[in-house]
Amino acid sequence: MPTKTSHRVIDQGLRDEVYVSLVRSLYADPRTLIVGSSGTVLAAFVTGFMTGHPAFYGCAFVLLALALVRAADVAQFRVAAKQIRDPREATRWEIRYTVFSSIYVFVLGLWSFLTFALQASPPVQLLAFSMTLANMIGVAGRNYGSRMLVMTQLSFAGVPLLAGLTLGGNSHYAIVACVLAPFLLSFKTIADKLRATLTTAVVSAKHERLLAARLEAALDNMAHGLCMFDQNGMLSLVNRRLPAIVGLPAGLAEPGRRIGRFLVRCQRAGLIGSTQLRSLVVAARLALRDHSEARLTTTLANGRILELTFRASGATGTVVVIEDITEQRQQEDTIRQLALYDPLTSLPNRSLLKAHLQSLIGEAGKSFAILFIDLDHFKKINDTLGHPCGDALLVEVARRLTALLDGASLIARLGGDEFVVVIPDVTDRTRLEAITAGVSASLLQPYEIEGNAIVSSASMGIAISPDDGRDPDIVIRNADLALYDAKSSGRACARFYDSSMIEVARARRIVELDLREALAQDQFELFYQPIVAIGTGRITSCEALLRWRHPERGIVAPGDFIGIAEEVGLITQIGCVVLDKACREAMLWPDSVSVAVNISAIHFRGDAIIEDVAGALGRSGLDGSRLVIELTESALMQDDAQALSILVRLREMGVRISLDDFGTGYSSLSYLQSFPLQKIKIDRSFVSGRRETQKDQTLLVGIARLCKELGLTVVAEGVETAEQLDNLAKMGAIDEVQGYLLARPQPTPLVRDLITAFAARSLTAKVEQLPLRRSLR
């Protein structure tokens, strides 16, 4: 809203403009000045000729001179008139005009006064009186623009005239003077009214120009195009934005054209097609005829989309607002695409899938099958080759599925590496098995992604509606359960949904909820199995083994819940609990005894393991050298570079690293050189009797001696008989042993006694004399 100051500025500017206009009115019509002056000068010379008196000739010459001066002044003003904008400059011209005209009328009044004072003949007096009175009347009609000039002229001419009439010695003249005085005063009132009329006209014109300028600026700066047609359908107004939006050629949108002709010219110019032309003409004519509002969307030949709104009234005609909605439509299409389609593969997403399933279920008797597809080991591809390569693989999978399945099937991507195929009107299992076999074979073909040859199998779960559900969410869930069963069965296979799967899922859900309760209620306990030095018979370390003391099921072994904990993301929290408990317990043992903690491959990923180990050591006060982190090959094979970085940081804290189940993987020997390991635990299958061939024994001796030569501590797991212990002792390359022969996993009170007992005696070949075995009988 404008401030008061801005109002004063506007008012002052308006007053200045009015004043300049009034001054201009003084010089407005030089013809009346010339005609009036010529007649007056001629009359003055006539009176001089009639009387022969030099005073009249003198007045005539002075009037002539003043008329010429005033004419020259008017001519100068007309030259300078265009540059007069400043009120101070206008004042200078007003003063010049006032001075010359005042002198002029004073001489005119003096001339009349002399005719009466010198007792000239009545014709002379009448001529002078008439000319003076005529000039005074002209003051009101010509010089009303200057209040000062009107007063000056009426005074300079009227006073001598009235004085002459009064002093003329004739009573009739005195009466005329009395009557003439108020008449002359009325000239001032007339001039004031004329001045007020002019002022009002100037102000109104100013406001109209301002309003017109604002309207023009508003129209030209509109974001939309606008044109107006009068009541006869003639184009009367076009703003500047319209040609740019529509792409009108020059001269096509000139006012004066009928709306039909205008649209035909647009069609001939190639802006619109014939179909759009007919629609626009009909809509425009209806709006003009019915004075109604209409809205129409049309597409130009160049692809731009316009929305035309017709608003008509009987008084002003029809206004057409043209808006370019191309970008709006593109954004709407983009939003619709993002809402219903996967941005990576352009396949339908979960929302569109559910809508499609709902439409199928809504059709009476409509059956369909769902294939839930999951790529096997897709995360390994992302971790080893990078996410761009993984994304390219997903795009290629989508392409293969689209090429393999017919158009009646809907293929959707739910996220990650999960795809869903909806096959209508197919419930026969034999046919579905053939389809899944084809899908599996197609997806198993090698992919060439960014120079990498990738082979990826797929696991599939199959659900059939209506037998396996009449609700989209239920059918998808059941197909997902079948997929989980396929993955649990070794992957690269397909499974049909079975009602028993829901019971398995419910049981897993119960375990998940119980695990969360176990974390909250501290239901996890640690048992410890000693690791004994084969040379001294002393316990050098104890492996922490997790047990879950369930309030209803009792002690639950790790194999019954670790897999579920890994799936639901609780394994890291459980690992933190194990680290804390193990480090606190180890603080109660001799300094020569360390504690070994198994770390899940999932827990080992990322920086969380570093923070958790540092936190456990810090809270317990345990020296880092007394903590042994046991890892399996699967933890190291996820990402060699990341695994090496984590191991180096653990070693910087003094923590020792042990490779568990050594000898069962495909590349275990390479880890001996690649990673900073301190201890190797040979898998129990080499010791426990399951691999007793001479070849296995030779392999065991070779692995042990190789590790020994590399400076690694070698631990043999699964020692259950005295014969196994004797054989390991004879090898000479085994440093430590662990197994039921020496001790079973013990709770915390007993493991402390066990450490003390083993410290008092040495391990000998007489296993029967081992303190543990006697104490446990």
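Me: Which two strands form a hairpin with five residues between them?
Reply: Strands are DSSP runs of E with at least two residues, and helices are runs of H or I with at least four, numbered from the N terminus. Here β13 and β14 form that hairpin, and G537 in its turn has a positive phi of about 75°. This is a predicted model, where local features need pLDDT of at least 70, side-chain atom pairs count only at pLDDT 80 or more, and totals for chains, interfaces and linings use all residues. Residues are numbered from 1 along each chain as its sequence is written, and side-chain values use heavy atoms, leaving out hydrogens and water.

Me: In which sense do β13 and β14 pair?
Reply: Two strands pair if DSSP finds at least two bridges between them. Strand β13 (residues 524–533) pairs with β14 in the antiparallel sense over nine bridges, and F524 has W548 as its bridge partner in β14.

Me: How many bridges join β14 to β15?
Reply: Three, with the strands running antiparallel; R549 stands opposite I555 in β15. With β16 (residues 594–598), β14 pairs in the parallel sense over four bridges.

Me: Is β14 mostly covered or uncovered?
Reply: Buried means under 20% relative accessible area, exposed over 50%, and partly exposed in between, with a 1.4 Å probe and protein chains only. Strand β14 (residues 539–550) is mostly covered, with ten of its twelve residues buried.
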